[in-house]
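Thanks for coming, everyone. Please have the sequence and the 3D view open, and follow along as I go.

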Amino acid sequence: MKPEVKRVLVCSAWPYGSGVPHLGNLIACLLSGDVFTRFYRMLGYEALHVSGTDAHGTRIEYEAHKRGISPRELVEEVHERIVGIIKGFDIAIDNYTITESPTHIEFVTEIYRQMDVNGYIFSREEERAYCNGCRRFLADRFIVGTCPYCSYPNALGNQCEACGRLLEPEQLLTPRCAFCSSTDIVRKVTRHWYLDLEKLAPKLLQYVKSRDFRGNVKLFTERMIEAGLRPRAVTRDISWGIPAPFKGATGKVIYVWAEAALGYVSATIEYFRNRGEEERWRDFWFGDEVWQVYTQGKDNIPFHTIFFPAQLIASGQGYHLPDQIAATEYLNWIGGESFSKTRRVGIYADEALELLPAVYWRFYLLYHRPETADVNFAWEDFDRTINAVFVNNIANFVHRVLSFVWSRFDGKVPEVPTEGVVRDEIQRVYERVLRFVEEGSLASALKEIAKLSVFGNEYFQHKAPWQTEDKEAVASAVHLAKALSILLEPFVPSFTTGVLETIELGPHGLADALRGAEGLELSRKPTPPLEHVDVEALKGRYREMKEAGLISIEEFQKLELVVGRIVSVEEIPGADKLYKLILDLGERKAQAVAGIKRHYHREELVGKLVAVVANLKPATIRGVRSECMILAASDGTLAVLTPDREVQPGTRIR
């Protein structure tokens with residue numbers, strides 16, 4: 001880091017507003033950003049951490065459509081849940097906002113006008129994928145197909161999640177509509193606006209060469225540059241998003257990739273505006289006295305090393321460009337399986353807090369932060385990391401030393417300097433931790449700190465002050481415990497708080513890890529800072545959580561599922577969604593109240609064979625008795641379930 005740096009801006013990639021993050025998302029973005037923020041603050045820098053919920057894009061619109069709610073309702077619900085997760089995980093963040101904020105919309109509109117005036121935006125007519133089935137343009141996640149590069153069969157219209165290549169919807173092989181599954185997809189003429197990356201290429205190359213990008217960041221960025229930078233569309237034909245501010249772009253919105261990263265700037269503006277310091281945001285976005293750190297998964301690397309810098313350059317305002325891209329590889333579930341809520345695979349952030357206190361998850365995730373290769377979660381690794389490393393090596397060492405001082409020295413550390421060999425080891429670890437964090441290697445830094453606890457245990461056991469009354473050894477051991485706690489503070493702050501309150505260490509910085517502990521007085525009798533985790537019991541609770549809501553085959557067999565024929569359809573007075581149906585179930589007729597009026601005309605239903613739950617307890621709806629229920633599917637548009645050939649009413653569905 002340059003010596004003139006006074007401030008650090010930490011920008012964590014924005015979680016999507018379509019659902020809560022899983023453990024892999026959490027470690028890649030918000031949790032890593034939290035550690036960097038705490039670390040640099042403890043070094044004396046003015047550090048600011050910003051992020052927010054990514055509220056726009058086809059993913060949100062599609063998910064809201066499936067749930068039958070508006071995109072705004074979906075993102076507001078998810079945003080509140082993520083805010084709760086941030087609090088639960090003790091994540092230090094100065095402004096966690098949302099891309100629907102007025103400040104963000106205002107900033108995005110203004111910076112695109114600047115790019116346009118500077119000649120980096122152009123438009124052209126082109127043919128885009130269009131579904132004849134549901135009569136809409138199929139942008140990004142609205143279309144699914146086979147990746148033309150790696151043949152992954154479920155690639156999305158904007159990126160292949162298997163190989164990471166950025167895509168256009170028209171590149172997909174065997175495409176299908178994500179809304180109606182139709183393969184009747186044609187190309188239809190529309191106009192879109194582009195950021196001219198080709199024109200920006202010389203300035204971007206100059207920027208990339210000026211940064212010390214490493215590992216996967218260097219690999220991804222160089223691969224894109226070698227492939228050649230081409231103009232990238234910044235508008236989409238969808239309804240949910242920020243209106244495009246270009247002349248003739250009525251009905252278009254700014255594409256989500258082209259506005260989300262700009263939220264780092266708008267979130268900073270919003271933070272200081274809310275504090276009544278209107279212009280202070282500029283201290284974090286202009287000049288050389290700021291260092292910017294970005295945390296995200298590897299799939300987001302191109303957006304932070306190419307596209308986002310391109311937008312800032314194109315604005316012509318002289319913005320400070322990203323310095324460090326601290327990107328992770330993927331944290332996958334057991335055996336390399338992808339996390340999935342619908343398939344009940346993996347642990348999501350809200351579920352993790354139900355299973356264990358956040359301090360355990362923080363330590364595990366940061367210890368195994370996937371920095372050089374993908375990492376698969378394993379219960380055995382969790383057991384070793386938490387119980388062997390965190391509880392037995394670190395927490396027990398700290399507790400053992402402080403308890404010894406309490407019982408043998410009346411809670412006062414002997415007035416003796418730290419032994420040279422201990423002081424040298426703390427200095428060595430401190431310097432290595434500094435270097436690792438500045439390189440973006442949080443896992444390496446945490447593992448280095450953990451090694452200090454191994455040294456501490458061996459030192460304390462070898463010196464055996466309970467036999468020798470060696471005061472130097474006692475003071476040195478307390479210094480080790482203090483140093484461990486201070487160095488761990490950015491990683492597991494709640495653990496450190498308890499320890500440092502016991503030794504009555506007031507305001508402190510990271511460098512206080514180097515200062516001895518002689519003369520410190522304990523404020524209270526030490527208590528064990530952590531409990532051993534019964535991982536087998538934890539696995540059991542995890543299984544119970546994932547099986548909640550599932551039914552057994554015996555319970556399912558209690559349902560009487562049959563085919564019925566609709567004999568008659570009647571209006572229900574005052575009900576705009578309901579029909580009264582009479583169904584022939586073979587041996588009997590039954591009456592049902594069905595909420596399908598907005599999707600079917602009466603004449604479409606009479607005579608139709610449908611799937612029926614025939615053994616429901618009767619209920620009265622709008623004064624009408626309902627004795628059974630017809631089954632239907634809905635992805636936003638409702639469709640009653642029917643057999644694919646003629647069968648007799650009353651036929652059992654098996």
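Let's start with helix α19, residues 535-547. At 1.5 Å a residue, its 13 residues should span 18 Å, and its end C-alpha atoms are 18 Å apart, which agrees. The expected span here is 1.5 Å times one less than the number of residues. Helices (H or I, at least four residues) and strands (E, at least two) are DSSP runs, numbered from the N terminus.

Two ground rules before we go on. This is a predicted model: local features need pLDDT of at least 70, side-chain atom pairs count only at pLDDT 80 or more, and totals for chains, interfaces and linings use all residues. Residues are numbered from 1 along each chain as its sequence is written, and side-chain values use heavy atoms, with hydrogens and water left out.

Back to α19. Which of its residues are buried? They are Val-535, Leu-538, Lys-539, Gly-540, Tyr-542, Met-545 and Lys-546. Buried means under 20% relative accessible area, exposed means over 50%, and partly exposed is in between (1.4 Å probe, protein chains only). An α-helix has 3.6 residues a turn, so residues three or four places apart point the same way.

What covers those buried residues? The cover includes α11 (349-355) and α13 (379-408).

Now the two ends. Asp-534 caps the N-terminal end of α19, with a side-chain oxygen 3.2 Å from the backbone nitrogen of Glu-536. That is a polar contact: a pair of N or O atoms within 3.5 Å; within protein, one must be able to donate a hydrogen and the other to accept it, and residues adjacent in sequence count only if both atoms are side-chain atoms. After α19 comes Gly-549, and its phi is positive, near 90°.

Step back along the chain. Pro-528 sits in the loop between α18 (493-502) and α19. Is Pro-528 buried or exposed? Pro-528 is exposed, at 55% relative accessible area. Ser-403 is 125 residues from Pro-528 in sequence, but their C-alpha atoms are 9.3 Å apart in space.

**Strand β1 and the cysteines**

Next, strand β1, residues 7-12. Six of its six residues are buried. In a regular strand the side chains alternate between the two faces of the sheet. In β1, Arg-7, Leu-9 and Cys-11 are buried on one side, and Val-8, Val-10 and Ser-12 are buried on the other.

β1 has parallel partners. It pairs with strand β13 (residues 290-297) over six bridges, and there Arg-7 stands opposite Val-290. Five bridges join β1 to strand β2 (residues 46-53), also parallel, and Cys-11 stands opposite Val-50. Two strands pair if DSSP finds at least two bridges between them.

Stay with Cys-11. Cys-11 is buried, with a relative accessible area of 0%. How many disulfides does the whole structure hold? The search finds zero. Cys-11 is in none, and the nearest cysteine sulfur, that of Cys-29, is 12 Å away. A disulfide is counted when two cysteine sulfur atoms lie within 2.5 Å.

Cys-131 is also worth a look. Its sulfur is 3.6 Å from the closest cysteine sulfur, in Cys-180, and that is too far for a bond. Cys-131 is buried too, with a relative accessible area of 0%.

Strand β6 (residues 143-146) pairs with β7 over two bridges. Find Gly-145, and you will see Ala-155 of β7 opposite.

Another open sheet has five strands: β19-β18-β17-β20-β23, again antiparallel. Its edge strands are β19 (589-594) and β23 (629-630), each pairing on one side only. Strand β20 (residues 609-613) joins β23 through two bridges. There, Val-612 has Ile-630 as its bridge partner.

**The whole chain**

Now zoom out. The chain has 21 helices and 25 strands. Its C-alpha atoms fill a box of roughly 95 × 65 × 45 Å along the principal axes. Of its 654 residues, 55% count as buried.

Methods
Contact means heavy atoms within 4.5 Å.
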